[in-house]
Amino acid sequence: DDIRYDFFGLYRDISLVYYRNFQLVELSILINQGKIDLKDIKFNKHINSIQTLIKIENSYKSHFNSLNRHLIVEAWSIFEICLNTFCKSVLTETENQKLLSTGYNDIKKILGKTNIDDKVENDLKEKYVSKNLTHIAITRKTDTIFKKVKGYSRNIEEDKKFLLFFGRLRNSMHSNYIYYGKSFKYKFGHSEFIFKDGEIIKWSDPFKETPKLYFYLIGNLKNIWKAVILSISHEEIIYYPDLKQE
């Protein structure tokens, strides 16, 4: 029931879902090669849909892109819910409150020495002090967590860069891979991701037409999580937010 270990079970689950859906590609190949006999199978229109999967290039690309998009989004969502729960338990009340007050503190910095009355200040707190860590930028949370690690087995600065990249990659999927923000490039192994404001993200894939690159990406996220939980001591169980969820 500990969120630190649930993380790995959740990753296994999304990986298995990906695997099963990717097998449709293999199934389509076997059908088209005549290695699967379909003459006695009903619901032919559904079988035909699988058969045409690899026959139409755009159909295959759409299927493959959908699988990869789902994997990235799910992996990041798991990382974020686990991180939020982890932060709530291992950070002090002061550290958590500072994170929740991020928006309010940013406004106070802009206002500087400007005098504001108590009612306005209370209104600002009500509006800009968050009630839950899920509303706080993940980089703020990871920066706070990295300050608490002891004997971290990886390179913190490199992992911060990776998390920033992964978060932007995931967020761009809300706009169909079109990126909005400051342009930058990120190298991951033999791949390079190019982010240009207002343009679709472009990247090179040394493992074309296989899922390897995407599993290396979420594998790195998994390894960061493992390094974090092993370098911050917390003896009590950190429960998943809602144990009724299946």
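Predicted model: local features only at pLDDT ≥ 70, side-chain atom pairs only at ≥ 80, totals over all residues.

Guide: The accessible surface of the protein comes to about 15700 Å², and carbon and sulfur atoms hold 51% of it. Areas here come from the Shrake-Rupley method with a 1.4 Å probe, and for residues only the protein chains shown count as cover. Residues are numbered from 1 along each chain as its sequence is written, and side-chain values use heavy atoms, with hydrogens and water left out.

The pLDDT (the predictor's confidence in each residue, from 0 to 100) averages 90 over the protein, with 97% of the residues scoring at least 70. Confidence is highest in helix α9 (residues 212-230), at a mean of 97, and lowest in helix α2 (residues 44-51), at 76.

The protein has 9 helices and 5 strands; these are DSSP runs numbered from the N terminus, with helices being H or I of at least four residues and strands E of at least two. In sequence order they read α-α-α-α-α-α-α-α-β-β-β-β-β-α. The radius of gyration is 22 Å, well over the 18 Å that the globule rule gives for 246 residues, so the protein is more spread out than a compact globule. That radius is taken over C-alpha atoms, and the rule is 2.2 Å times the number of residues to the power 0.38. Along the principal axes, the C-alpha atoms fill a box of roughly 80 × 45 × 35 Å.

Now for the part itself: helix α3, which covers residues 57-90. Val90 is buried, at 12% relative accessible area, where buried means under 20%, exposed over 50% and partly exposed in between (1.4 Å probe, protein chains only). Setting aside neighbours within four places in sequence, Val90 is in contact (heavy atoms within 4.5 Å) with Ile145, Lys148, Ile232, His234 and Ile238. From Val90 to Asn32 the sequence separation is 58 residues, and the C-alpha atoms are 54 Å apart.

Back in helix α3, Ser59 is our other stop. With a relative accessible area of 27%, Ser59 is partly exposed. Apart from residues up to four places away in sequence, Ser59 touches Thr52 and Leu53. Ser59 and Arg154 are 95 residues apart in sequence, and their C-alpha atoms lie 40 Å apart.

Of the contacts with a separation of 6 or more, 68% join residues 24 or more positions apart.
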